[in-house]
Structure formats: structure tokens, C-alpha cells
Amino acid sequence: FMLEYNGELVSAERRDRVAQLLMYIGGSGGVGKSRVIAAAVHLFTAYGRKHWLRLCAYTAFAAGQIGGTTTHALMGEITQKKRKRDVTYNPSAKTMTTLQRVWSEARLCIVDECSMLSCHWNGLLSARMQAARSGISDAPYGGVHMIFCGDFTQLPPISTTGRPLYT
């Protein structure tokens, strides 16, 4: 991953020493959160690195609005029947192969409408990303830079199995 920073190219080696980005972009509807997401897509595309970017949201509608996919799909299609409260739930070998393919090159994940995620679901997302990137990073979310976008006063979590990320 090479990006220009103050006129200097940042190499993959230096990137590994850079602290993981865990960011929240909040605000009510119409403040420009979607424009920030679009700018990130444009930047990664301009550098020929769009394959390093993952865009997601809890619902298919919200994911479609940003050109992304659902958190379910990025976590290996966990169904209600298979979901457990233990975030260390071990995926099948087939699911693990899919997860490794999806997350091996990821550098940034943007989660839109993050207020819809419960604490449990967010923990499960992190655990799945860590499992998929084992050997790469054991940091939260597998060391992938994370940007969470949303408005905690707008949409509550859909999940009835967990508490919201906020109170």
C-alpha cells in the first residue's frame, strides 16, 4: 500500500508500523457521511487499490446505497440458526476459506449505519476478521483500518440478541 503523505510515499513496511485506524464519523442525515465514503472509494480507485477496500452495512438496502455488501456476507453468511452469543464461534472450513479470500487483501473497512449493529454483532465481526487474518494480525478487526459511519439517534440495532453499541 503506497500513499503519499506530505510528499512522501508510505510503503507497506512503514504501514505495518502505523497504528490501526478505528474511527467514527457521525452526524444526522444529510451532513455528508455518504460523501466521505464516496471519496474513500474514489481515492482507492484512483490509486488502483479498490480491492483493498471493503464497504458494508447491516442491511442490504443500506449496503446497496454505498455500493457495498452486508456485514453478514463479509462474515461468512452467518444465519440466525447458526449464530451463537459466543463471539469465538468457529466457522466451517468452507466458510473459513471464503473469509480468508475476502479479508486477505483488505486494508480498510467502512461500516455504514453502524448504529444498527449490536455489541455482540460488532464483536463477532471483529472475531471473524481476526480469524480470517490469523498470521497477518491479531489486533481487533484483524488489523484492518475501520471507519464506522452512522447516527446513533436515527436507527437502533436490529438484533434482539444484544445490546446496542450506545446507551
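Q: At what angle do helix 5 and helix 6 pack in this model, and how far apart are their axes?
A: This is a predicted model. In it, helix 5 (residues 93-103) and helix 6 (residues 119-132) pack at about 85°, and their axes sit 8 Å apart.

Q: What makes helix 5 roughly perpendicular to helix 6?
A: Angles of 65 to 115 degrees count as roughly perpendicular. The angle here is about 85°, so helix 5 gets that label relative to helix 6.

Q: Which residues of helix 5 and helix 6 meet?
A: On the helix 5 side you've got Thr95, Met96, Leu99, Gln100 and Trp103; on the helix 6 side, Arg128, Met129, Ala131 and Ala132. Sorted by type, the residues of this contact come out as six nonpolar, two polar and one charged.

Q: Why does the span of helix 6 agree with what its 14 residues should give?
A: Take 1.5 Å a residue, and helix 6 should span 20 Å; its end C-alpha atoms are 20 Å apart, so the two agree.

Q: What makes helix 6 mostly covered?
A: Buried means under 20% relative accessible area, and 10 of the 14 residues in helix 6 are buried. Among them are His120, Trp121, Leu124 and Arg128.

Q: What do the buried residues of helix 6 pack against?
A: Helix 5 again, plus helix 4 (71-74), strand 6 (108-112) and strand 7 (145-150).

Q: How many residues does the protein chain have, and what share of them count as buried?
A: There are 167, and 40% count as buried. The chain has six helices and seven strands.

Methods
Residues are numbered from 1 along each chain as its sequence is written. This is a predicted model: local features need pLDDT of at least 70, side-chain atom pairs count only at pLDDT 80 or more; totals for chains, interfaces and linings use all residues. Side-chain values use heavy atoms; hydrogens and water are left out. Axes are lines fitted to C-alpha atoms, for helices over the stretch in contact, and angles run from 0 to 180 degrees between N-to-C directions. Helices (H or I, at least four residues) and strands (E, at least two) are DSSP runs, numbered from the N terminus. Angles under 35 degrees count as roughly parallel, over 145 as roughly antiparallel, 65 to 115 as roughly perpendicular and the rest as oblique. Contact means heavy atoms within 4.5 Å. Ala, Val, Leu, Ile, Met, Phe, Trp, Tyr, Cys and Pro count as nonpolar, Asp, Glu, Lys and Arg as charged, and the others, Gly among them, as polar. The expected span of a helix is 1.5 Å times one less than its number of residues. Buried means under 20% relative accessible area, exposed over 50%, partly exposed in between (1.4 Å probe, protein chains only).
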